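User: I am new to this structure. Please show me how to read its features one by one.

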Amino acid sequence: MSPGPSLAIVLKQTLTGGRRNGMVTAVAHGLGVGVYAFLSILGLAAIITASPLAFSVLQWGGAGYLAWLGAKGLLARPRDDGPLPEAPTTASAARDGFLVVLLNPKIAVFFLALFSQVVGTDTSMLAKLGYAATAMVIDGSWYLFVTWVFSNQRWLHLLRRKAIWFERLFGVVLLGLAGHLVFGILGGT
């Protein structure tokens with residue numbers, strides 16, 4: 001629930017593509033979290049954290065993806081026939097929601113720390129699926145709530161009139177997050 005690239009992506013998709021795109025992004029993000037949680041339970045997180053190369057590839061991939069999304073937002077231009085930037089497709093909303101999770105190795109580290117407290121060798125596959133499903137439902141529900149709040153028709157119209165500036169603001173935020181990741185990678189943190 002903390003502000004970061006996931007929140008920025010959900011808000012960007014909601015403000016520029018409407019409630020439907022925001023919901024698609026939220027569901028895809030939740031699905032990504034569920035997949036990552038399950039793979040973490042099965043040992044992916046341990047492999048990633050044990051392999052500096054795998055962790056580094058994910059870090060650089062995540063930073064690159066955030067930078068690409070940020071640059072697109074920062075360079076957004078209004079259409080000639082109105083103040084709104086071109087609305088993203090539902091396919092791009094799903095892609096962005098899923099990839100922002102998949103390319104974030106910090107999520108693997110989080111799940112490794114979380115699940116190491118409750119998952120053991122005697123934990124059934126059903127319980128493992130239950131833990132992953134819980135993470136998926138909580139995450140997806142949170143971002144669906146964010147989408148619902150920010151797509152409220154009472155003030156969505158006002159926000160959309162300024163959508164190009166929100167697009168650029170989210171671009172700056174995403175570029176800042178990408179830069180923070182790069183400095184963290186180069187600094188060894």
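User: What volume does the largest pocket have?

Analyst: First, the ground rules. This is a predicted model, where local features need pLDDT of at least 70, side-chain atom pairs count only at pLDDT 80 or more, and totals for chains, interfaces and linings use all residues. Residues are numbered from 1 along each chain as its sequence is written, and side-chain values use heavy atoms, leaving out hydrogens and water. A pocket is an open set of points on a 1 Å grid over the protein atoms alone, where a 1.4 Å probe fits, with protein on both sides within 12 Å along at least five of seven lines. Its volume is the space filled by probe spheres set on the points, which are joined across faces, edges and corners. Here the largest pocket has about 790 Å³.

User: Which residues lie nearest the centre of the largest pocket?

Analyst: Lining residues have an atom within 4 Å of a point. There are 36 of them, and Ser 6, His 29, Asn 104, Ile 107 and Asp 139 lie nearest the centre. Elements giving two or more residues to this lining include H3 and H6.

User: How many helices and strands does the protein chain have?

Analyst: Both are DSSP runs, numbered from the N terminus: helices (H or I) of at least four residues, strands (E) of at least two. The protein chain has 8 helices and 0 strands.

User: Where is confidence lowest, and where highest?

Analyst: pLDDT is the predictor's confidence in each residue, from 0 to 100. Where it is low, the predicted coordinates should not be read in detail. Helix H7 (residues 153-161) is lowest, with a mean of 69, and helix H6 (residues 125-150) highest, at 93. The protein chain averages 82.
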